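Grab a pencil and get ready for a few exercises. Try each task yourself before you read the solution under it.

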Amino acid sequence: MRTKVITVLTALAAVTATLAAPAAVAAPDPQTTEKTRVTRVPGTEGVYQYTGGDYRAQAWDDCRSGTCFWTEFEGVGHMWTVPSCGRHNVPGDFNDRLSSVWNKTSSVINIFQDANQGGYLGPVPPGWRGNLHPAHNERMSSVDAVCI
Ligand SMILES: [Ca+2]
């Protein structure tokens, strides 16, 4: 079992950063900063579990490449990275729970409310980062990442 642990130091104030702003490293504040442990979940590719006192700390920076989805708004909570281009069902623990996304690829990611690409919700354009549309929040069950 391979475990990846990343230490994230973030101030709670970073959560209020605007969506349009580039990912910035907030200055650590000893009053509000705690260590967050990010652990790869075995058995499901691209799934990371956030634990620790500030598990809600902003996690945009943890999305290294590909397309990342989070279980809460503003890139916090648990993160799932789409494993490759093509069609994928959302892993079980994330089904109907995803709320924000960062598409770091150069292709469109189409999202669907049902498994196996049923019930098209809409596209996530290349480079787009932010919260899912309120009507799509916690409904997503599959994706189709366009291969280019
Ligand atoms: Ca669904």
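**Exercise 1.** In which strand is the place of Y120? Then work out whether Y120 is buried or exposed.

*Solution.* Before you start: this is a predicted model, where local features need pLDDT of at least 70 and side-chain atom pairs count only at pLDDT 80 or more, while totals for chains, interfaces and linings use all residues. Residues are numbered from 1 along each chain as its sequence is written.

Step 1: Y120 sits in strand β9. Strands here are DSSP runs of E with at least two residues, numbered from the N terminus.

Step 2: count neighbours. A residue is buried if 20 or more other C-beta atoms lie within 10 Å of its own, exposed if 12 or fewer, and partly exposed in between, with C-beta atoms placed from the backbone. Y120 has 12 other C-beta atoms within 10 Å, so Y120 is exposed.

Step 3: look for contacts, meaning C-beta atoms, placed from the backbone, within 7 Å. Leaving out residues up to four places away in sequence, Y120 touches N110 and F112.

**Exercise 2.** Find the order of the strands in the open sheet that has four of them, and say which strands stand at the edges.

*Solution.* Step 1: the order is β6-β11-β8-β9, with antiparallel pairing. Two strands pair if DSSP finds at least two bridges between them.

Step 1: β6 (86-89) and β9 (118-124) each have a single partner strand, so they stand at the edges and one side of each lacks a neighbour in the sheet.

Step 2: zoom in on β6. Four bridges join β6 to β11 (residues 142-145), and the two run antiparallel. R87 stands opposite D144 in β11.

Step 3: Y120 and D144 are 24 residues apart in sequence, and their C-alpha atoms are 10.0 Å apart in space.

**Exercise 3.** Where is the place of P126, and which residues does P126 touch?

*Solution.* Step 1: P126 lies in the loop between β9 and β10 (129-131).

Step 1: with 15 other C-beta atoms within 10 Å, P126 counts as partly exposed.

Step 2: skipping residues up to four places away in sequence, P126 touches N103, T105, S106, S107 and V108. Take S106: P126 and S106 are 20 residues apart in sequence, but 4.9 Å apart in space, C-alpha to C-alpha.

Notes:
Two residues are in contact if their C-beta atoms, placed from the backbone, lie within 7 Å.
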